[in-house]
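Trainee: I'm new to this one and would like to go through it piece by piece. Could you put it up on the screen?

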Amino acid sequence: MDRWQPAYIGVGSNLEDPRAQVLAALERLGDLPKTHLVLASRLYRSHPFGPIAQPDFVNAVAGILTQLDPQTLLSELHAIESAMGRPRRHERWGPRVVDLDLIAYGRERRNEAELTLPHPGIVERNFVLYPLAEIAPDLELPGSGRVADLAAAVTAEGITLL
C-alpha cells in the first residue's frame, strides 16, 4: 500500500507510572515503519470505564499518517503493547500498563472479529472523544458523526486535563 492514510490511536495506561507509559507509547508510535506521528493530544486523567475497581487512567490520542494497512497497523500496536509489558490475554476493562486502540483509519468502516472501525463505543467515551476533538475536531467518524459534535454530547464527568 503506497498511499498515506490518516489514522487515530487512543493511548491509555493506569499502571506503573501511567503518565510515563503514555508518553513512551506515543514515542514508540513515531517509530513505527511507514508511519509518521503527526499530532498528539495533551494528557487527560480519567476514571476507569467498566465494572472493575482500579486506579485512574491517563489518556491521550495520537494522529498518524501511515502506509500500513489497518490489520498490519493493529498488529504493530499489539507489538508495542507486548514490548511495554501488556500480556495479550488480559481482563476486559481491567487495569493495564498500556492500551493502544485503533480508533479510526481514513474513512474505513470495518466490522470483523479482530478489528472494528471506527472503534466501537467511541461515541460514549469522553476519555477518547475529548483528546480526539483536541487534535481532529472536524474528523467525520463514518457512521457516527463529527468528532467535535460527539465530544460536545458527552459529559466531562470523571475527566480532567493533566
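Trainee: Which residue in β5 is the bridge partner of Tyr 8?
Mentor: In β5 (99-105), the bridge partner of Tyr 8 is Ala 104. Helices here are DSSP runs of H or I with at least four residues, strands are runs of E with at least two, and both are numbered from the N terminus.

Trainee: Before we go on, what kind of model is this?
Mentor: This is a predicted model, in which local features need pLDDT of at least 70 and side-chain atom pairs count only at pLDDT 80 or more, while totals for chains, interfaces and linings use all residues. Residues are numbered from 1 along each chain as its sequence is written, and side-chain values use heavy atoms, with hydrogens and water left out.

Trainee: Back to the strands, then: how many bridges join β1 to β5, and how many join β1 to β4?
Mentor: Six bridges join β1 to β5, and these two strands run antiparallel; nine bridges join β1 to β4, also as an antiparallel pair. Two strands count as paired if DSSP finds at least two bridges between them. On the β4 side, Val 58 is the bridge partner of Ser 13.

Trainee: Is β1 mostly covered or mostly open?
Mentor: β1 is mostly covered, with eight of its nine residues buried. Buried means under 20% relative accessible area, exposed means over 50%, and partly exposed lies in between, using a 1.4 Å probe and protein chains only.

Trainee: What about the largest nonpolar core, which residues have the most contacts inside it?
Mentor: That core has 25 residues, and those with the most contacts inside it are Ile 9, Val 11, Leu 29, Leu 73, Leu 77, Leu 100 and Leu 102. At least two core residues come from each of β1 (5-13), α1 (18-29), β4 (57-66), α2 (70-83) and β5. A nonpolar core is a set of buried Ala, Val, Leu, Ile, Met, Phe, Trp, Tyr and Cys residues joined through side-chain atoms within 4.5 Å. Apart from this one lies another core, of 20 residues, which includes Phe 127, Ala 133, Leu 150 and Ile 159.

Trainee: And what does Leu 100 touch?
Mentor: Leaving aside neighbours within four places in sequence, Leu 100 is in contact (heavy atoms within 4.5 Å) with Ile 9, Gly 10, Val 11, Ala 25, Leu 77, Ile 80, Glu 81 and Arg 86.

Trainee: Leu 77 is in α2, so let's look there: which residues of α2 are buried?
Mentor: They are Pro 70, Leu 73, Leu 74, Leu 77, His 78, Ile 80 and Glu 81. Seen down the axis of α2, these buried residues fall within an arc of 155 degrees, so they line one face of the helix; the arc is that of the directions from the helix axis to the C-beta atoms. What covers them includes β1, α1, β4, β5, β6 (110-111) and β7 (116-117).

Trainee: How does α1 look by comparison, which of its residues are buried?
Mentor: In α1 the buried residues are Pro 18, Gln 21, Val 22, Ala 25, Leu 26 and Leu 29. Seen down the axis of α1, they fall within an arc of 135 degrees, so they line one face of the helix. Ala 20, also in helix α1, is partly exposed, with a relative accessible area of 35%.

Trainee: New topic: where is Gln 54, and what does its side chain reach?
Mentor: Gln 54 lies in the loop between β3 (44-46) and β4, and counts as buried at 15% relative accessibility. Its side chain makes a polar contact of 2.9 Å with the side chain of Asn 14, and reaches the backbone oxygen of Ile 52 at 3.4 Å. A polar contact is a pair of N or O atoms within 3.5 Å; within protein, one must be able to donate a hydrogen and the other to accept it, and residues adjacent in sequence count only if both atoms are side-chain atoms.

Trainee: Last one, where is the cis peptide bond?
Mentor: A cis peptide bond joins Leu 117 and Pro 118, with omega about -15 degrees, and Pro 118 lies in the loop between β7 and α3.
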